[in-house]
Amino acid sequence: MRLLEKSKRVIEAQLSNTSIRALSGSMVAYEGQVSFKSAGFGGGEGVLAGLRQRATGEGLSLMEASGTGIVYLAHRGRNVTVLDLNNETLQVESEQLLALNGNLSTNVAFAGVRGGMSGQGLFTTTVTGTGQVALLSSGGPLIHLEVSPQYPLVVDPDAFVCAKGQLTQSFVTDVSLRSAIGQGSGEAFSLKWDGMGVVSIQPAER
């Protein structure tokens, strides 16, 4: 079972008596003997996943496509990118996740507090295991940025899509950044990544 980039905005999922999980409503066409059913939320399994989603605001509604054939997936004309995971963990914004295959599990993790003044908790979706992940991006294809101990990376949270590797995340707060990142009020903050890995961003803000 493979995920292929059919075009810049469409993913092709080839099923051979297998199944795939994808964002609910993302099927735009299919061929063959394929059935669809709800696969719940991406924040774990069962009732706990639904409770976690409501508590954190982070989660996604998934469907499962099973059978033999080809399923074409897209979402609102956004760009798509397929990433391979090999016993790795990907930290991703839930709204950027289009599809998963292979032995992958999803959960919701606490990412920290948005600055000392606001005290607002932030959460992120994690995808762990071996398989493929199809991601969405706005404004163009994903941009992959290397992070090394010598060169930590700071990104706008509205441009952040995903991160993998031996990385630690922290928050950089600076009210002088308000005008630079388009925030006219409140506490401006950015995401800082240290360690060794790759952070992917989109060339547009949410």
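The structure holds three salt bridges. A salt bridge here is a side-chain nitrogen of Lys or Arg within 4 Å of a carboxyl oxygen of Asp or Glu. This is a predicted model, in which local features need pLDDT of at least 70 and side-chain atom pairs count only at pLDDT 80 or more, while totals for chains, interfaces and linings use all residues. Residues are numbered from 1 along each chain as its sequence is written, and side-chain values use heavy atoms, with hydrogens and water left out.

**Stop one.** Select K6 and E12. Their side chains form a salt bridge (3.7 Å, N to O). Is E12 buried or exposed? E12 is buried, at 8% relative accessible area. K6 is exposed, at 51%. Buried means under 20% relative accessible area, exposed over 50%, partly exposed in between (1.4 Å probe, protein chains only).

Stay on E12. It sits in strand β2 (residues 11-23). Strands (E, at least two residues) are DSSP runs, numbered from the N terminus. Beyond its neighbours within four places in sequence, E12 is in contact with residues including R2, I70 and Y72. Contact means heavy atoms within 4.5 Å.

**Stop two.** Select K37 and E64. Their side chains meet in a salt bridge (3.9 Å, N to O). K37 is in strand β3 (residues 27-41) and E64 in strand β4 (residues 61-73), so the pair ties together parts 27 residues apart in sequence.

**Stop three.** Select E88 and K164. This salt bridge spans 3.7 Å, N to O. It links distant parts of the chain: E88 in strand β5 (residues 79-92) and K164 in strand β11 (residues 160-173), 76 residues apart.

Definitions and conventions: Helices (H or I, at least four residues) and strands (E, at least two) are DSSP runs, numbered from the N terminus.
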